[in-house]
Structure formats: C-alpha cells, structure tokens
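I opened this notebook page to record two look-ups. The entries below follow the order in which I made them.

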Amino acid sequence: MAVVHLLVDKSISPWKVRDLPIIGLKAGTTGHIEFERCRVARAHLFHADEAGYTQNLVVRGWARILLGAWAIGIMRAAIEDATRYVRERHAFGKPIAAHPMIQDMVARMHVDLETSRLLTYKAAWLMDQGVRCDLEQATAKLHACEVVKRVTNDAIQILGGRGLTTEEGYRTERLHRDARFLAVAEGTSQIMRLIIGRRLLGFSAL
Ligand SMILES: Cc1cc2nc3c(=O)[nH]c(=O)nc-3n(C[C@H](O)[C@H](O)[C@H](O)COP(=O)(O)OP(=O)(O)OC[C@H]3O[C@@H](n4cnc5c(N)ncnc54)[C@H](O)[C@@H]3O)c2cc1C
C-alpha cells in the first residue's frame, strides 16, 4: 500500500480553518480545515518507503491503544463517582448501594472496565514485542471505546439529577460527553469491525 505525505503551501493553495464546536473535549479546540481546488507542488509530495509505511502503522497502532487507555481513564472516573455516591445516598431506608438494580449496573461497569483494561494491555504488550497486532489493537479500541459510552451513561443514571448537572463540582456529564468522541476518532467503531473482519475472514470489506 502506498502512503503519501504532502505539504500544502498556503501561498499557493490557501486553506480555510474554522473552529468546529463539539459536544465534548472542551479543554481543547477542534478545527475544520477546508481545502478547495488544492494544488500541491510535486516537490511537496513525500512517498513513504517501506520503513515509512511501517512507521505509519506503528504510530496508528499506538494511537488506537492510546484511545483504549483514554476510555479506561474515563471509565475509572465514572465508576469512582458512581460508587462514592451510592454509598452516601440513602433511599427507601438504606444506602442505594444496597439496592440490587444499582449493584447490577455497578457490576456491569466493572466488567466493562476490566475487559477493556485486559484487551488494551494485551495489545500494548504485543506492540512492545514488535509483533503484528492490528487485530488486537482494533479489538481493544473497539471494545473500550464502545463500552465507555454505556459506563458513563449508567454513571449518570446512578447519580440521578446530580449526574446531569453541569454545576461546578460535578463531572459525570462531562465524562459522558468526552467519551462520545472516542468511537469516532482514530478509526470509527465501524472501521475497527472491518479490520477485525478482514483479519478473521481473510476478505477485505474496505
Ligand atoms: C474531536 C476530533 C478530533 C479529531 N482529530 C483528528 C486529527 O487530529 N487528525 C485527523 O486526521 N482527523 C481527526 N479527526 C477526524 C476523525 O478521524 C474522523 O471524524 C473520523 O475518521 C470519521 O470520519 P468522518 O467524520 O469524515 O465521518 P465519515 O467518514 O463521514 O463517516 C460517517 C459514518 O460512516 C461510517 N462509515 C464510513 N465508511 C464506512 C464503511 N466502509 N463501512 C461502514 N461504515 C462506514 C463511519 O464509521 C461513520 O459512522 C478528529 C475528529 C474529532 C471528532
């Protein structure tokens, strides 16, 4: 597969940049770059050789593992909020931690966190061994970045009105908004499924 990196000289092909407000990640900015009738000088095309292509795969691989780790961090924070709250909050004469439906949600959150952690560690370990692991990277990224949505959603449910508030001192709704980005960036969940399918079945649907 050919990989071409290119430089767009703004004096030859001006591009437009505008802020793209999104629902999460408010600590940073997300930008939309628009190229129109873009012209690139031949001298500004850089064809990656075999080593460059491999390097590109390594960077993409680590990026997917990084997003898995990011999801794990968000899940940990959401579970921390939820478990603290259920011990403190009393309803119907006992801490809500003692209600079976709350325990059901907390148990599911815990399993989602632990499975994500194990899959992400496995992919990172394989990367460290220098072996091909696109299947494991995609599996970890897909799983962690999908279940984090459920975990943060359940954390909001557990915290009730406090889970929904944007008031200072509460972060659960922010965790949910931040989590939503993970299944889109660095290869969407659909693309991760296609990578997994290609490795398992030997046919590319891409
Ligand atoms: C906060 C944020 C930061 C980002 N940062 C960067 C960055 O730094 N650098 C960068 O290059 N990009 C960045 N991106 C872009 C990101 O990689 C893309 O948003 C992502 O790849 C999806 O592309 P798209 O938004 O054009 O969606 P589209 O390509 O329009 O896809 C729309 C939907 O169609 C699905 N789809 C597409 N093709 C298929 C298929 N073959 N089979 C099944 N479903 C399919 C997708 O999964 C998705 O659900 C960022 C995005 C966000 C939200």
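Entry 1, basis. I worked from a predicted model, in which local features need pLDDT of at least 70, side-chain atom pairs count only at pLDDT 80 or more, and totals for chains, interfaces and linings use all residues. Residues are numbered from 1 along each chain as its sequence is written, and side-chain values use heavy atoms, with hydrogens and water left out.

I looked up which residues surround the ligand and found Ile22, Leu25, Thr30, Phe181, Val184, Thr188, Gln190 and Leu194; a residue is near when one of its heavy atoms lies within 4 Å. The side chain of Thr188 places an N or O atom 2.6 Å from a ligand oxygen. For Gln190, I noted a polar side-chain atom 2.7 Å from an oxygen atom of the ligand. The ligand taken alone exposes 970 Å², of which the protein buries 34% (Shrake-Rupley method, 1.4 Å probe).

I located Asp134 in helix α3 (residues 134–159), a DSSP run of H or I with at least four residues. Is Asp134 buried or exposed? Asp134 counts as buried because its relative accessibility is 17%, and buried means under 20% relative accessible area (1.4 Å probe, protein chains only). The Asp134 side chain makes polar contacts with the side chains of Arg132, at 3.0 Å, and Arg199, at 2.5 Å. Such a contact is a pair of N or O atoms within 3.5 Å; within protein, one must be able to donate a hydrogen and the other to accept it, and residues adjacent in sequence count only if both atoms are side-chain atoms.

Technical notes: Helix = DSSP H or I, 4+ residues; strand = E, 2+ residues; numbered from the N terminus. Buried < 20%, exposed > 50% of the residue type's maximum accessible area, 1.4 Å probe, protein only.
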